[in-house]
Amino acid sequence: MVKAPKTETEQIQFYRQCLDRFEQAAGVTAKVRRYYSIAGTTVCLCFAGESMLPYMTPALEHLRLHETTNPDMTINVWDSISTNTSMPPPPCNWADFTDRGDIWGFNSKRIKTAFHWSEYSVNVMDMLSNTGVYWVKNPKAFPYWVYSSPFRSMIQWWMEKNDCQLLHAAAIGTDHGAVLVSGKGGAGKSTSAVSSLKAGLFYLADDYVIVKKGVEPKVYSLYSTAKLNTEDMPKFPAFQKFAAKTIKKDQEKAVLFLYPELNKQLKREMPLKAILTPVVVGQKKSELRPTSFWPVQRALSFTTMSQLPGAGSHTHKYISELTRQLPCYSLRLGKDLDEIPKVISNLLKHPEKYATQDQEAAAHFEKPLISIIIPVFNGEQFIREAVENILDQNYPAIEIIIVDDGSTDNSKKVIDELPVDVRYFHQPNAGPASARNRGIRDVSGDYVAFLDVDDLWPEKNLELLMTRLQQNPGLDIVRGYAQLVIVEANGQAIYTGNPQESFPDYIGAGLYRKSVFSTVGLFDPELRFGEDSDWFNRAKEMNTNIKRLDEVTLYVRRHYKNMTEGKSLVELNILKVFKKKLERKRMEKPPKTKPALRKPNAGNPLISVVIPVFNGAAFLADAINSVLGQHYHPLEIIVVDDGSTDNTAEVVKMMSGNISYVYQENKGPAAARNKGVKLAGGELISFIDADDIWAKDKLLRQLAVFKKYKEPGIVIGLTFKTKFQAQSELEKPGLLPDKNFHLLLGSTLIKKSVFDKIGLLDEDLLMGEDSDWFNRAREGRIPIAVHQDLVLFYRKHNDNITNNRRKANLYIFKMVKKARDRKMRPGFKPLPPLPEINSMDDLIGCWHSADE
């Protein structure tokens with residue numbers, strides 16, 4: 001179940017395949033361009049032919065510009081039916097696609113990728129070049145909401161880059177400013193917007209808007225459409241003429257195209273003054289009541305984040321900060337629709353007449369978003385209590401995901417009647433492991449918790465676990481113990497047993513970083529029972545950093561409906577889980593061939609990784625990802641930009657982790673490495689060139705070698721030189737030829753004190769500076785340990801600096817001359833003569849001989 005995320009190179013390659021296929025499609029027809037002003041930026045839609053224009057452009061027509069030659073962002077659009085050009089096959093399995101559009105394993109900050117089932121479209125965008133590709137097989141099969149709000153995923157990615165946020169909300173206003181109206185479907189959002197439009201108010205949206213934080217927040221129009229439930233259309237007879245032809249007889253909503261007839265009321269941007277959440281009440285008149293930050297923030301976050309691929313903790317934070325800036329109200333919608341615009345107009349004209357709640361206090365309770373997954377199978381009697389237990393945690397930032405694993409009772413009806421928004425997914429019965437996996441793929445938060453529908457959490461449990469995780473950034477999981485509770489026939493609950501002696505691997509007793517499921521993998525869907533033990537076995541085998549608290553963090557209720565009730569050891573898969581563990585053990589290489597790896601994060605020294613780069617934007621992300629993929633803590637990455645003129649700085653900005661970026665005028669790789677050494681805070685230093693990749697566990701293996709020999713100053717492993725290709729291809733078993741020993745700094749781990757003894761790299765050498773430094777290290781009697789593990793992939797390509805053989809030979813000559821000059825100095829102690837070298841062992845012995 002361990003599936004590595006797609007590497008940066010793989011995701012870039014898929015984007016380029018999509019772009020190439022668009023060019024093929026455009027070659028069949030011709031390119032047709034349309035330009036639009038979106039939130040202060042110019043966006044070009046470049047179509048392969050005209051077949052997609054009637055579907056994808058009318059909603060944006062009010063933002064259209066005259067021809068321009070310098071768009072800020074371009075989306076290339078094509079369909080297969082009109083161009084007879086197919087889409088490249090997806091580089092993943094069907095199980096990797098999620099309901100929201102995210103693709104499991106596609107985590108690049110540079111290449112954004114989404115697949116939308118409802119419209120069967122692929123969206124992929126390069127955030128460096130600001131160029132995207134949108135493909136659909138047949139636009140005639142679009143559901144109605146696509147042509148009412150086209151390209152929203154790609155526009156959201158673009159807005160994020162411009163410090164804006166796409167929100168699922170309505171926006172209407174007057175000369176005094178605008179309000180946002182946000183709520184779940186059926187709450188009255190569209191009715192409020194269209195009623196206000198009918199009354200002559202300015203209109204920006206009823207479904208999706210763009211907002212921008214600032215001293216005075218702004219709201220921008222995106223689509224000149226409105227959607228109304230078909231049964232509500234008779235309430236607005238004057239708008240009947242704007243309704244598009246229905247696609248299906250049972251179409252839920254009518255789509256209104258408001259441009260150009262209502263252009264005078266369509267505002268492109270307005271200052272934002274307040275946020276409203278509608279609720280339908282039985283009274284005749286509508287009214288406003290002040291409300292707290294939390295319900296408004298939750299309404300905005302839920303409806304937005306459940307629809308936009310790529311939305312996550314950063315989205316939640318943006319929405320929280322915006323909400324804290326503005327007064328929040330509950331818009332209580334009465335039966336008289338004409339009252340709604342009057343209430344909104346009065347608020348905007350006389351805001352001083354309306355009391356507000358203090359939103360500043362909310363800032364003190366800002367917490368990271370936790371996604372809570374509840375798998376359910378025939379759990380109708382427990383669902384409401386489980387959700388109430390989550391709400392009673394009083395943790396301010398939660399996303400509840402309920403995965404219905406093929407229930408045959410009234411679970412769906414109970415979920416629909418819950419008093420809080422939840423994300424609901426239904427699947428055929430496949431077991432709790434499969435249900436949890438479905439939830440994990442769709443989470444928005446960086447932290448994940450699980451609660452079985454019949455279990456409960458103690459008071460303040462989420463706050464306790466989150467506090468411990470935040471106090472220890474190196475931890476992957478924090479968990480406590482489970483207290484068994486027997487529920488008798490009369491409903492009385494009786495605690496039984498010692499929590500510390502109960503089953504140790506209850507999934508619901510912990511809080512997990514989302515990233516751990518990329519490292520350890522998902523739950524094994526083959527196991528309907530025992531999937532929890534199997535997962536924790538794999539986590540321990542991979543040295544996952546887990547903290548056990550001496551706290552009860554889960555109440556497990558025992559009752560006659562428990563899945564495990566009355567099951568034998570065979571049925572509970574206890575033997576199967578043990579067998580899987582043994583099979584993984586047998587697949588490991590004999591321990592004598594590898595030094596024992598130190599457990600990550602367990603008292604490890606800080607390692608500083610220096611990455612020199614000159615115009616290496618195309619490769620740099622792969623190098624950084626291979627460092628971050630070591631899963632080693634503590635770690636700092638220092639990228640020294642040696643005067644690049646490409647997008648190197650932007651690549652670094654898009655990477656996560658403890659990364660420092662330093663720019664200097666172009667002076668060569670030696671000067672760049674020296675700059676990094678001077679800035680390094682670690683007691684150990686390692687290097688990697690921007691176009692190379694580290695092998696898995698490189699750092700841990702070299703730390704182990706440090707312990708094997710007597711205090712070496714340098715540890716160096718083996719290198720595989722290869723044509724440029726993705727890391728996933730490089731690491732496939734059986735594909736590697738013989739590894740070789742090369743004097744490359746990327747294959748080393750070095751004590752920082754070595755540089756104090758023998759000096760930095762020679763900046764006079766623009767090539768060969770690493771070999772020169774190694775020679776000086778031997779001359780200085782620095783203990784050097786060589787091990788036979790592959791630690792570095794040296795990728796050959798057209799831009800390698802060593803391709804210039806004439807230049808390389810010049811610097812080899814200079815390096816040899818410098819070595820000869822050192823030998824001529826008084827007091828130089830000659831090294832032992834080189835022995836005959838016939839094998840790798842001889843070579844390693846030669847280098848180790850300097851240690852004696």
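Q: In which loop is Tyr120 found?
A: Helices (H or I, at least four residues) and strands (E, at least two) are DSSP runs, numbered from the N terminus. Tyr120 is found in the loop between S5 and strand S6 (121–126). The model is predicted, with local features requiring pLDDT of at least 70 and side-chain atom pairs pLDDT 80 or more, while totals for chains, interfaces and linings use all residues. Residues are numbered from 1 along each chain as its sequence is written, and side-chain values use heavy atoms, leaving out hydrogens and water.

Q: Is Tyr120 buried, partly exposed or exposed?
A: Buried means under 20% relative accessible area, exposed over 50%, and partly exposed in between (1.4 Å probe, protein chains only). With a relative accessible area of 36%, Tyr120 is partly exposed.

Q: Which residues is Tyr120 in contact with, leaving aside its neighbours within four places in sequence?
A: Contact means heavy atoms within 4.5 Å. On that basis Tyr120 touches Trp94, Phe115, Trp135, Val136 and Lys137. Val136 is 16 residues from Tyr120 along the chain, and their C-alpha atoms are separated by 6.2 Å. Trp94 comes from the loop between helix H3 (80–83) and strand S5 (111–116).

Q: Which residues form a nonpolar patch on the surface?
A: A patch is made of residues with over 30% relative accessible area and no salt bridge; like charges are joined within 9 Å, nonpolar side chains (Val, Leu, Ile, Met, Phe, Trp, Tyr) within 5 Å. A salt bridge is a side-chain nitrogen of Lys or Arg within 4 Å of a carboxyl oxygen of Asp or Glu. Accessible areas come from the Shrake-Rupley method with a 1.4 Å probe, and for residues only the protein chains shown count as cover. Here the patch consists of Trp94, Trp117 and Tyr120, with about 350 Å² of accessible area together.

Q: What is the order of the strands in the open sheet of seven strands?
A: Two strands pair if DSSP finds at least two bridges between them. The order is S3-S1-S2-S4-S7-S6-S5, with mixed pairing. Strand S3 (64–65) and S5 are at the edges; each has a single partner strand, so one side of each lacks a neighbour in the sheet. Within the sheet, strand S2 (residues 41–48) and strand S4 (residues 73–79) run parallel and are joined by five bridges. Phe47 stands opposite Val77 in S4.

Q: At what angle does helix H1 run to S4, and helix H5 to S6?
A: Axes are lines fitted to C-alpha atoms, for helices over the stretch in contact, and angles run from 0 to 180 degrees between N-to-C directions. Helix H1 (residues 8–28) runs at about 65° to S4, lying across strand S1 (31–38), S2, S4, S5, S6 and strand S7 (131–136). Helix H5 (residues 152–161) lies across S1, S2, S4, S5, S6 and S7, at about 20° to S6.

Q: What is the phi of Phe151, and what is that of Asn394?
A: Most residues other than glycine have a negative phi, and most peptide bonds are trans. Phe151 has a positive phi of about 60°, and Asn394 one of about 55°. Phe151, in the loop between helix H4 (144–148) and H5, is buried at 4% relative accessibility. Asn394, in the loop between helix H10 (380–391) and strand S20 (398–405), is exposed, with a relative accessible area of 57%.

Q: Which peptide bond is cis?
A: The bond from Tyr259 to Pro260 is cis, with omega near 10°. Pro260 lies in the loop between strand S15 (253–257) and strand S16 (269–280).
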